[in-house]
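Biologist: I'd like to learn how to read a structure like this one. Could you walk me through it, one feature at a time?

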Amino acid sequence: RLNPHLWFNALSSVQHHLLTGANPRSSAQYLSKIASVMRQSLESSYQDMVTIAEEVESAEKYLSIQQMRLQEAFEYSVQIHDSLDPD
């Protein structure tokens, strides 16, 4: 579950993106990624548990949004210990 403040930041970033004359296709991709993370977050809120694979997928989507927002200012990697079953 993501903090509402993070949603506000993401949507404010899309607004800024649109108002600064960004490419409409790029803006649409940005918004689509946010919608995907939001959907995943809302769907998982009805479950008691999610798999590691689902959590990693959600985190990677969110981080890709932040990379877009910050113009690729950081890199990341996700590592799962070999002894864990992601599913």
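Modeller: Let's start with contacts: two residues are in contact when heavy atoms lie within 4.5 Å. Keep in mind that this is a predicted model.

Biologist: With that in hand, what share of the contacts with a separation of 6 or more comes from residues 24 or more positions apart?

Modeller: Such residues account for 57% of those contacts in the chain.

Biologist: And how many helices and strands does the chain have?

Modeller: There are 3 helices and 0 strands, so reading from the N terminus you go α-α-α. The C-alpha atoms fill a box of roughly 45 × 30 × 20 Å along the principal axes.

Biologist: How do I read what sits inside?

Modeller: The general idea is that in soluble globular proteins, nonpolar side chains tend to be buried together. In this chain of 87 residues, 21% count as buried. The largest nonpolar core has 8 residues: Trp 7, Ala 10, Val 14, Tyr 30, Ile 34, Val 37, Tyr 62 and Ile 65. At least two residues of this core come from each of α1, α2 and α3.

Biologist: Which residues does Ile 65 touch, leaving out those up to four places away in sequence?

Modeller: Ile 65 touches Ala 10, Tyr 30, Lys 33, Ile 34 and Val 37.

Biologist: Let me try a residue in α2. Is Ser 27 buried or exposed?

Modeller: Ser 27, which lies in helix α2, is buried because its relative accessible area is 5%, and buried means under 20%. Beyond its neighbours within four places in sequence, Ser 27 is in contact with His 17, Leu 18 and Ala 22.

Biologist: What about empty space? How do I look for that?

Modeller: Rolling a probe the size of a water molecule over the atoms shows where empty space is left. Here, take the second largest pocket, with a volume of about 150 Å³. Its lining is made of Ser 13, His 16, His 17, Thr 20, Tyr 30, Met 68, Arg 69 and Gln 71.

Biologist: Which helix gives the most to that lining?

Modeller: That's α1, with 3 residues. Both α1 (4-19) and α3 (52-69) supply at least two residues of the lining. By kind, the lining residues divide into 2 nonpolar, 5 polar and 1 charged.

Biologist: How many aromatic pairs does a search of the whole structure find?

Modeller: It finds 1. The partners are Phe 74 and Tyr 76, whose rings are 6.4 Å apart centre to centre, with 40° between the planes, and the pair is tilted. Phe 74 counts as partly exposed because its relative accessibility is 24%, between the 20% and 50% cut-offs. Tyr 76 is also partly exposed, with a relative accessible area of 32%.

Biologist: Now the outside. How exposed is Asp 82?

Modeller: Asp 82 has a relative accessible area of 78%, so it is exposed, the cut-off being over 50%. You'll find Asp 82 in the segment after α3.

Biologist: How do I compare distance along the chain with distance in space?

Modeller: Look at two numbers for each pair. Asp 82 and Gln 67 are 15 residues apart along the chain, and their C-alpha atoms are separated by 27 Å. Glu 57 and Asn 3 are 54 residues apart in sequence, and 17 Å apart C-alpha to C-alpha.

Biologist: Where does Glu 57 lie, and what is its relative accessibility?

Modeller: Glu 57 lies in helix α3. At 38% relative accessibility, Glu 57 counts as partly exposed.

Definitions and conventions
Residues are numbered from 1 along each chain as its sequence is written. This is a predicted model: local features need pLDDT of at least 70, side-chain atom pairs count only at pLDDT 80 or more; totals for chains, interfaces and linings use all residues. Side-chain values use heavy atoms; hydrogens and water are left out. On a 1 Å grid over the protein atoms alone, a cavity is a set of points where a 1.4 Å probe fits but cannot get out, and a pocket is an open set with protein on both sides within 12 Å along at least five of seven lines; lining residues have an atom within 4 Å of a point. Grid points are joined across faces, edges and corners, and a volume is the space filled by probe spheres set on the points. Helices (H or I, at least four residues) and strands (E, at least two) are DSSP runs, numbered from the N terminus. Ala, Val, Leu, Ile, Met, Phe, Trp, Tyr, Cys and Pro count as nonpolar, Asp, Glu, Lys and Arg as charged, and the others, Gly among them, as polar. A nonpolar core is a set of buried Ala, Val, Leu, Ile, Met, Phe, Trp, Tyr and Cys residues joined through side-chain atoms within 4.5 Å. Buried means under 20% relative accessible area, exposed over 50%, partly exposed in between (1.4 Å probe, protein chains only). Rings of Phe, Tyr and Trp (its six-membered ring) pair if their centres lie within 6.5 Å; planes under 30 degrees apart count as stacked, over 60 as edge-to-face and the rest as tilted.
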